[in-house]
Amino acid sequence: PGPGSLICLSCHNGVVADSTVGSAHAMLGSVRLGFELPEGVPQRDHPIGVPYPTSAKGYRPRSTILAEGEISLPGGRVECISCHDPHDESGHPAMLVTSNRRSSLCLSCHVK
């Protein structure tokens with residue numbers, strides 16, 4: 001994970017603030033090859049610290065996402081602040097950068 005995500009993980013580690021992390025974003029963030037998870041790891045949380053897939057089917061172009069201005073990809077990676085606003089300026093539940101009504105936040109990147 002990048003420096004910003006490490007700040008989040010200093011508390012949201014499954015011990016100090018267990019309401020946020022179930023299967024530990026930190027462990028999933030160590031997966032550096034796309035969004036592929038190790039065998040046997042439950043996919044309850046979104047991986048962080050992983051490169052945004054630039055040519056994989058099922059994902060919107062990174063340039064489109066960045067042009068919309070709601071989601072950030074620091075260093076081309078998906079980090080905590082890609083989906084969460086630590087200052088909660090948007091006012092959306094779970095400090096999301098935009099509403100996830102009808103999975104709209106998820107569909108900002110994922111094509112389903």
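Predicted model: local features only at pLDDT ≥ 70, side-chain atom pairs only at ≥ 80, totals over all residues.
Buried means under 20% relative accessible area, exposed means over 50%, and partly exposed is what lies in between, worked out with a 1.4 Å probe on protein chains only.

Residues are numbered from 1 along each chain as its sequence is written, and side-chain values use heavy atoms, leaving out hydrogens and water.

**View A. Ser72 sits in a loop.** Look for Ser72 between helix H3 (62-68) and strand E2 (77-78); helices (H or I, at least four residues) and strands (E, at least two) are DSSP runs, numbered from the N terminus. Setting aside neighbours within four places in sequence, Ser72 is in contact (heavy atoms within 4.5 Å) with Leu66, Ile81 and Ser82. The Ser72 side chain also reaches the backbone oxygen of Ile81 at 3.5 Å. Cys83 is eleven residues away from Ser72 in sequence, and their C-alpha atoms are 7.9 Å apart.

**View B. Here is the structure's one salt bridge.** Glu68 and Arg60 join up through their side chains, 2.7 Å from N to O. To count, a side-chain nitrogen of Lys or Arg must be within 4 Å of a carboxyl oxygen of Asp or Glu. Glu68 is partly exposed, at 43% relative accessible area.

**View C. Here is the structure's one aromatic pair.** The ring centres of Tyr52 and Tyr59 are 6.0 Å apart and their planes are at 75 degrees, so this pair is edge-to-face. Rings of Phe, Tyr and Trp (its six-membered ring) pair if their centres lie within 6.5 Å; planes under 30 degrees apart are stacked, over 60 edge-to-face, and the rest tilted. Tyr52 is buried at 3%, whereas Tyr59 is partly exposed at 21%.

Definitions and conventions
Polar contact = N/O pair within 3.5 Å; in protein donor to acceptor, adjacent residues only side chain to side chain.
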